[in-house]
Amino acid sequence: MNFQKTFLWGASISAHQTEGAYKSDGKGLTVQDTRPRDNHEIADFTIASDHYHHYKKDIKLLAELGVEIFRFSISWARIFPLGSGAVNQSGIDHYQKVIDECLRYNIQPMITLNHFDLPQALEDIGGWSNRETITAFKNYAKTVFKAYGNQVKYWLTINEPNVMLLVDQKILGKQIPLQEKYQQFHHLMIAEKYAFKLCHELVENGQIGPVPNISLVYPATSKPLDNQAALYFNSVRNWAYLDFSCFGRYNTVFKDYLKQKDISITFAAEDEALMKENFPDFVAMNFYTTMTVEKPTDKNKMSEGINDQQSEDIMDWGFYKGVTNPHLKKNQFNWTIDPEGLKTTLQTLYDRYHLPIIITENGLGAKDQLTENGKIHDDYRIDYLSQHLEQCLNAIQSGVDLFGYSPWSAIDLISVHEGISKRYGFIYVDRTEKELKQLKRYKKDSFFWYQKLIQTNKIPLERR
Ligand code: BG6
């Protein structure tokens, strides 16, 4: 089976992980520029892949790759250096040039409004704990919809609020107390509702979707209590967010979780109506893995025995505890690989929301090697992508309305907390953690493989 001709092929990046130029042309600092680093041996985001200065070259390469969409995020602090207040015209101009460059090659920009990089000035007033941040976000969203809405039709709201809150220490560099965390959840989701509303009001034919990271949660055994654990973690990690986005409500399992944790959410007068009146046009989903949990039985053992990179943060006494799934392989960075889980995730998600789905992240972080003659033989990435795409085809065949695939990542970028050595791109960026070299771009084997896939709408059998 082939993909339909209308299926959208893309590639994705985020601003802070690629752009660099962290203080150039009036940009304000963001929480990603200031967050305390646990490992100073790895690259920071100050120069990253220097996409800010290489965007023309990078987009030209993406055109050669053949993508129809390019998912990137706008750095809010380039548009509003202080999060709100005066607009920085250089920031507006920069993204205008990026958009023009995409359109020159017939590549549709798919823009994420915010990808982990909240302006520091807003963090200084409490970040997402303070409703002022919602007001600032509304104004920022309105500004970019007005500036680019006549050219950009695909919009994404706030990248992975679920992962940002669950793995706060790693992504934001600080732990947020539980009560505050779930108040932030509410504020993030309300901000998203404003983005849906404003996009529909201001962008003619505009389409907008939420962009959570979805990892279906399996019970470790058929024990009823392990199944309960999976139910709660599925709700807290996945459905609480999408139920808010797509149904405009808190789901019952999540409400029970909050009640048992003694957490109460403060609503503002406008929230109820806003939640129930504004919905997305599609769901964008980032998928890397699935999770497996059991019901924790011994509080003393809560921090032991969890060696799964993606499960290590799952330790919630009374509810669930992450375990390694013995049936699945892992990548070099200890992330579980589960292509069949992607099919199940797509089916579950489609069955729940009945909205078209696009995958906006999926990919393999690996320690690629540049050979002396400028090649990167990343067969392992081709294998990973092939296996996941086969499951996309299976999901489509089973009735899921999956309309596009935009893997992570277009070019090599700085991983959230594992530097440049963990590479995801189709395009290699020649730098090390500490040495910038020339930041030259090279096409990996996966580049040619993906190019062929896009040309034929069929998963190529050959690897090179
Ligand atoms: C996603 C994020 O959760 O995972 C990306 O949206 C991130 O920003 C990606 O890069 C892979 O994670 P990591 O930690 O390997 O960079």
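The structure is a predicted model, in which local features need pLDDT of at least 70 and side-chain atom pairs count only at pLDDT 80 or more, while totals for chains, interfaces and linings use all residues. Residues are numbered from 1 along each chain as its sequence is written, and side-chain values use heavy atoms, with hydrogens and water left out.

**The ligand and its surroundings**

- Around the ligand there are 15 residues, of which Gln17, Glu160, Val416, Lys422 and Tyr424 come nearest; a residue counts as near if one of its heavy atoms lies within 4 Å of the molecule.
- The shell around the ligand divides into six nonpolar, six polar and three charged residues, where Ala, Val, Leu, Ile, Met, Phe, Trp, Tyr, Cys and Pro count as nonpolar, Asp, Glu, Lys and Arg as charged, and the others, Gly among them, as polar.
- In the side chain of glutamate 160, an N or O atom is 2.4 Å from an oxygen atom of the ligand, and for the side chain of glutamate 361 the corresponding distance to a ligand oxygen is 2.9 Å.
- Valine 416 takes part through its backbone, with an N or O atom lying 2.7 Å from an oxygen atom of the ligand.
- Taken alone the ligand exposes 380 Å², and the protein buries 95% of that, with accessible areas coming from the Shrake-Rupley method with a 1.4 Å probe.

**Helix packing**

- Helix α7 (residues 131–148) packs with helix α10 (residues 178–202) at an angle of about 25 degrees, their axes being 9 Å apart; axes are lines fitted to C-alpha atoms over the stretch in contact, and angles run from 0 to 180 degrees between N-to-C directions.
- The helices α7 and α10 are therefore roughly parallel to each other, a term for angles under 35 degrees, and their crossing is right-handed.
- Helix α5 (residues 89–104) packs with α7 at an angle of about 45 degrees, with axes 11 Å apart, and α5 and α7 are therefore oblique to each other.
- The crossing in which α5 passes α7 is right-handed, a word used when the near helix is turned clockwise from the far one by less than a right angle.

**Backbone geometry**

- Most residues other than glycine have a negative phi, and most peptide bonds are trans.
- Asparagine 106, which is not a glycine, has a positive phi of about 65 degrees, and this residue is placed in the loop between α5 and β3 (108–114).
- The peptide bond from tryptophan 408 to serine 409 is cis, with omega near 10 degrees, and serine 409 has its place in the loop between β14 (402–405) and β15 (427–429).

Key. A polar contact is a pair of N or O atoms within 3.5 Å; within protein, one must be able to donate a hydrogen and the other to accept it, and residues adjacent in sequence count only if both atoms are side-chain atoms. Helices (H or I, at least four residues) and strands (E, at least two) are DSSP runs, numbered from the N terminus. Angles under 35 degrees count as roughly parallel, over 145 as roughly antiparallel, 65 to 115 as roughly perpendicular and the rest as oblique.
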